[in-house]
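Good morning, everyone. Please look at the sequence and the model on the screen while I talk. I will start with the overall picture and then go through some residues.

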Amino acid sequence: MSDDFELVRGSGNIFRDFDMPNPELEHLRATLAAQIIKTLDKRKMSVREAGTLTGINYTEFSRIRRVKLDGFTVDRLWKMLDLLGQTVDVKVKVHPAAKPPRAAHAHA
């Protein structure tokens, strides 16, 4: 068995690297979820305590801890951070996409 391997540098967005749908949106959701987890860890707060503090069902915090992010929107994650006393700053930069969008075909 050979110990040879190829090192591939990622783009900084694993969702884009694996050609997943909506990579920027998924990266943003994952980043917000990571900040929620970081906040809970820093405060040594259980998911039940987070639920009591925020009024959000603790099972939602549990899903985030298990990285089960399906069903969570960016605004919902943002609101959870807000209720945990965190401020989210966003910098938006718009530029042409690397790949042109696929043309939508109208059916007559």
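**Helices, salt bridges and a pocket**

The protein has 108 residues, and 25% of them count as buried. Please keep in mind that this is a predicted model.

What is the chain built from? There are five helices and zero strands. If you read along the sequence, the pattern is α-α-α-α-α. The accessible surface comes to about 9,000 Å². Carbon and sulfur atoms account for 56% of that surface.

Next, contacts along the chain. Take the contacts between residues at least 6 apart in sequence: 51% of these join residues at least 24 apart.

Leu-32 lies in helix α2. Is Leu-32 buried or exposed? Leu-32 has a relative accessible area of 5%, so this residue is buried. Now set aside the neighbours of Leu-32 within four places in sequence. The contacts of Leu-32 are then Val-74, Leu-77, Trp-78, Leu-81 and Val-88.

Stay on helix α2 for a moment, because Thr-39 lies there as well. Thr-39 has a relative accessibility of 8% and counts as buried. With neighbours within four places in sequence again left out, Thr-39 is in contact with Leu-81, Leu-84 and Gln-86.

Now the salt bridges. How many does a search of the whole structure find? The search finds four. I will go through some of them.

Let us begin with Glu-26 and Arg-29. Their closest N and O atoms are 2.7 Å apart, and the two residues form a salt bridge. Why can these two residues face each other within one helix? Both sit in helix α2, residues 23-42, and they are three residues apart, so about one helical turn separates them. Glu-26 is partly exposed, with a relative accessible area of 22%. Arg-29, at 12% relative accessibility, counts as buried. The cut-off for buried is under 20%, which is why these two residues get separate labels.

The pair Asp-41 and Arg-65 also forms a salt bridge, with the closest N and O atoms 2.8 Å apart. Here Asp-41 belongs to helix α2 and Arg-65 to helix α4, residues 58-65, so the pair ties together parts that are 24 residues apart in sequence. Asp-41 is partly exposed, with a relative accessible area of 45%. Arg-65 also counts as partly exposed, at 32% relative accessibility.

Then there is the salt bridge between the side chains of Arg-16 and Glu-24, at 3.0 Å from N to O. Arg-16 is partly exposed, with a relative accessible area of 38%. Glu-24 is partly exposed too, and its relative accessible area is 47%.

Where does Asn-13 lie? Asn-13 is in the segment before α1, which covers 14-17. Asn-13 is buried, with a relative accessible area of 3%. Beyond its neighbours within four places in sequence, Asn-13 is in contact with Pro-23, Glu-24 and His-27.

Several of these names come back in the last topic, the pockets. Rolling a probe the size of a water molecule over the atoms shows where empty space is left. The largest pocket has a volume of about 970 Å³. Its lining is made of 29 residues. Which of them lie nearest its centre? These are Asn-13, Arg-16, Pro-23, Glu-24 and Leu-25.

The elements that give two or more residues to this lining are α1 and α2. Helix α2 provides the largest share, eight residues. By kind, the lining divides into 14 nonpolar, eight polar and seven charged residues.

To finish, here are the points to take away. The model is predicted, and it has five helices and zero strands. Helix α2 holds the pair Glu-26 and Arg-29, and α2 also gives the largest share of the lining of the largest pocket. Arg-16 and Glu-24 meet in a salt bridge, and both are among the residues nearest the centre of that pocket.

Definitions and conventions:
Residues are numbered from 1 along each chain as its sequence is written. This is a predicted model: local features need pLDDT of at least 70, side-chain atom pairs count only at pLDDT 80 or more; totals for chains, interfaces and linings use all residues. Side-chain values use heavy atoms; hydrogens and water are left out. Helices (H or I, at least four residues) and strands (E, at least two) are DSSP runs, numbered from the N terminus. Buried means under 20% relative accessible area, exposed over 50%, partly exposed in between (1.4 Å probe, protein chains only). Contact means heavy atoms within 4.5 Å. Accessible areas come from the Shrake-Rupley method with a 1.4 Å probe; for residues, only the protein chains shown count as cover. On a 1 Å grid over the protein atoms alone, a cavity is a set of points where a 1.4 Å probe fits but cannot get out, and a pocket is an open set with protein on both sides within 12 Å along at least five of seven lines; lining residues have an atom within 4 Å of a point. Grid points are joined across faces, edges and corners, and a volume is the space filled by probe spheres set on the points. Ala, Val, Leu, Ile, Met, Phe, Trp, Tyr, Cys and Pro count as nonpolar, Asp, Glu, Lys and Arg as charged, and the others, Gly among them, as polar.
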